Amino acid sequence: MTGADQPPVASVSDLILRYGKVTALDRVTLDIPAGMMVGLIGPDGVGKSSLLSLLAGARVIQDGGVHVLGGDMRDAGHRSRVCPRIAYMPQGLGKNLYPTLSVEENLEFFGRLFGHDKAERDRRILDLLTATGMSPFRDRPAAKLSGGMKQKLGLCCALIHDPDLLILDEPTTGVDPLSRRQFWDLIDSIRATRPDMSVITATAYMEEAARFDWLVAMNAGKVLATGTTAELLARTGAADLDRAFIALLPAADRGDDQEVVIPPRDATDGEIAIEAEHLTQRFGDFTAVNDVSFRIAKGEIFGFLGSNGCGKTTTMKMLTGLLEPTEGIARLFGHEVDARDLAVRRRVGFMSQAFSLYSELTVRQNLELHARLFALEEAKIPARVAEMAERFDLGDVADALPEALPLGIRQRLSLAVALIHGPEILILDEPTSGVDPVARNGFWRILADLSRKDGVTIFVSTHFMNEAEWCDRISLMHAGEVLISDTAEAIKASKGCETLEDAFVAYLQEAIDKTAPPPAPAPEAANQAAPAAAPAPPHPQRRFSLRRLLSYSRLESLQLQRDPIRLAMALVGSLLLMVVIGLGINMDVEDLTFAVLDRDQTTASRDYVADIAGSRYFTERPALQGYDDMDARMRAGEISLAIEIPAGFAADVARGRTVEIGAWFDGANPTQSGTVQGYIQGMHGDWITRKMREALGSAALAGDFELVTRYRYNPDVKSIVAMVPAVLPMLLLMIPAILTTLSVAREKELGSIINFYVTPVTRLEFLLGKQLPYMALAMVNFVLMMVMAVFVFRVPFTGSFIGFSMSALVFVTASTALGFLVSVFISSQVAALFATTLLTMIPAVSYSGLIDPVSSLEGFGRTIGEVYPATWFITAARGAFSKSFGFVELIQPTLAMAASVPIILGLSVSFLKKQER
């Protein structure tokens, strides 16, 4: 059946989607035909990506209806059933890939998620790599692939399970023309073997949209028109899709759009504005720019073409002084570029690839700020700001914040800011990326005026071939090298091509053929142009799959192995923290500094002082001269205790009268002060008793009883024996929780969480799969810290190691689950790190019996202390180290911790969303 004979593969009705106050989709109603290549066309921000994410089931439906493959996407059961039949490739180079995994490992991961056994995975991976020509790169990490290769790998991962609906969100944005062409040829070859497969794709390139079977033109969250390319051209009477799209826009959005015409340049002035001489930039072993040379005349519009990552932005940064070349020289107006030479920098305006102005400032305030940054005279700033606002049509939005403006207006603002100081050179890094055709044409008319009327030299990078045609000369760049620099017509003529894209592709192919290694001999089974083997019947999807769970465990294990920073933080960091905390939290009072203000100056007073100084608890400092001296030395931290012995002290002792001395404590540390007070009172009483017995005989202070104290478990009453076993639970709580929180937050931040949204993996499989490697790592940590506690800190371990290890395993299960509970509410890695540290450490230190017994707490603190897992593991740790807890005694705290695991994990599963909101 043709697409017209089949029911729609997807349909939406009255669909509304809002991000805060911004309406991304405004009552969209659309039927998308099945078995066709359908394209969504339009600039950034019109709702294409939002619509595709809703069709893929990756985003929650706010209002309206979405039906895909015969069912309602609001129904979680239907989403679960059709998930294996949909493949979704999100926007961004390699957004669904894992950078540290190799090509083959990425494919293995997706194959496991969709339930393929090893033989089936191997067959599919071989077919896909052969079809895409990526077999020689199967061991290369995804992070080291070019943009085009990343997109090919992303497509392979999406096709690993033979989907019925393939959804591609701008898969070729930022990719060179050759890779774009290869990508679409690959899609065509796959569709030839699977003609019933439907493909929905969004694109920013009108020339590639012309090859699609059916188009949907979108603007401002609404559908402008649908139909084939021929139907849209006939409807608008336009010669190409660019002009057709402009004609479809509402009159208010079209404005007075006109064709871009660049007048001929007067080449009589031969002054060279920009010169690159053998520029090279290396980052470690990677060469980003290799021996680049070119010269740009004053007033010339010079275009820079190339794929993302080919070195365009790096070259621009070297020319502006933002990056010092490894080799070579960059010159502006004959002067070598020096980042410290502000005079040369003032002659240059730079507009970065991404919007880099201050979103908290209005349009006017951004212009005024940059005028002051370039040291314009204060009296001239208002007039200059008004001139820029009028020239770039910003007057009506002068008091608006940039975030509230359309992308085209934001780009005009960025250009106005770059020109606020009247530069002679303007360097623009992909200034029209994502901008609608009307705004793009208006932008280039401004550039033409700047070049031809004001004599500004313009160095601009772009992905659009029609923009390149408007430049006086262009350079084609690939893999850090300039392939050719000439006019567009000369470049086309040099390769005998009718279009600039064809010429660029020819140069790229020639460069690749020169550097490509000889192809590896393909296995006999791989001698197919496309995956021709009949697809295996789909595996029945189970509610719980050990294979899917272990696929995430393997993923996390591989990422951990290849991330030395996280691995070092988990292993070495915990040991360092154990040393710092174990030795830093010390309640022992030894060698405490004190000084004496002796107003008696007798043998008895000196004997009293010597008795205190002779103990292991105190160290004497020079005598005090008065209260001012005492206050100054205590304030400076020189002494923690001051003793004042009054005049007549010896006489009072000899006559048996009441003896009083003054003791001044540093109360900044109340716990230490209380301990010192007890020591002083005890030593004072002991000294008085001895002196009275010397004077009056042994019966002078005879008592009716004698109290003999003994300490169990820690006879020397050393803090380290109590603190080290308590530090171990703190670290086994904090570090594993941080690692699991970051593992989820990192996926959200990088975008790979989309794989969880659109694959059959369940929430429990996702969390348990991620949890297992961190539990294993935490147990390795546990063994290392046990070794340090026993052999470095010399804390005796007297209990059952097997029982304590079992308690530790249950505890790290709870702590890693606690990290997941935090992660479901946080998307940023930085926020996740701070939140997890605070939410684990505050209860552990304050309410878990680390310093004060839980039994001494009251109210809410007592409740937290009794249910928090760290409380029970501290009990188990101190019992195993000091109280000879055997296996039986450790069962109670272990069971108490075990009871918290399903609660914490259950809450994590409940709050974790399978769709983006």
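The largest cavity in this predicted model holds about 70 Å³ of space. A cavity here is a set of points, on a 1 Å grid over the protein atoms alone, where a 1.4 Å probe fits but cannot get out; points are joined across faces, edges and corners, and the volume is the space filled by probe spheres set on them. Searching the whole structure turns up 6 cavities of 30 Å³ or more. Two or more lining residues come from each of β6 (86-89), α5 (147-159) and α27 (754-758), and β6 gives the most, with 3 residues. Helices (H or I, at least four residues) and strands (E, at least two) are DSSP runs, numbered from the N terminus.

A few ground rules apply. Residues are numbered from 1 along each chain as its sequence is written, and side-chain values use heavy atoms, with hydrogens and water left out. As the model is predicted, local features need pLDDT of at least 70 and side-chain atom pairs count only at pLDDT 80 or more, while totals for chains, interfaces and linings use all residues.

On the layout, the chain splits into domain 1 (10-248), domain 2 (272-347 + 425-515), domain 3 (357-422), domain 4 (546-582 + 718-911) and domain 5 (592-696), with bounds from an automatic or database domain assignment. Between the C-alpha centres of domain 1 and domain 5 there are 82 Å. The unreviewed UniProt entry puts "transmembrane region" at 567-585, 720-744, 775-795, 801-823 and 890-912; such annotations may be inferred rather than shown by experiment. Of these, residues 775-795 come out as 86% helix and 0% strand, with end C-alpha atoms 25 Å apart. For residues 890-912 the figures are 91% helix, 0% strand and 33 Å between the end C-alpha atoms.

Now the rings. Rings of Phe, Tyr and Trp (its six-membered ring) pair if their centres lie within 6.5 Å, with planes under 30 degrees apart called stacked, over 60 edge-to-face and the rest tilted. That rule gives 28 aromatic pairs. Phe294 and Phe304 have ring centres 5.8 Å apart and planes at 65°, so they pair edge-to-face. Phe294 sits in strand β12 (residues 286-297) and Phe304 in strand β13 (residues 301-305), so the pair ties together parts 10 residues apart in sequence. Both Phe294 and Phe304 are buried, where buried means under 20% relative accessible area, exposed over 50% and partly exposed in between (1.4 Å probe, protein chains only). Phe797 and Phe801 are also edge-to-face, with centres 6.3 Å apart and planes at 75°; Phe797 is partly exposed at 23%, and Phe801 is partly exposed at 44%.

Ring pairs also join Tyr98, Phe109, Phe110, Tyr552, Phe756, Tyr757 and Phe766 into a cluster. Phe756 has Lys914 over its face, 4.9 Å from the ring centre, and Arg599 lies over Tyr627 at 5.3 Å. For this, NZ of Lys or CZ of Arg must be within 6 Å of the ring centre and within 35 degrees of the ring normal.

Most residues other than glycine have a negative phi. Asp291, in strand β12, has a positive phi of about 55° and is partly exposed at 44% relative accessibility. Arg794, in the loop between α28 (763-792) and α29 (801-823), has a positive phi of about 60° and is exposed at 64%.

Definitions and conventions
On a 1 Å grid over the protein atoms alone, a cavity is a set of points where a 1.4 Å probe fits but cannot get out, and a pocket is an open set with protein on both sides within 12 Å along at least five of seven lines; lining residues have an atom within 4 Å of a point.
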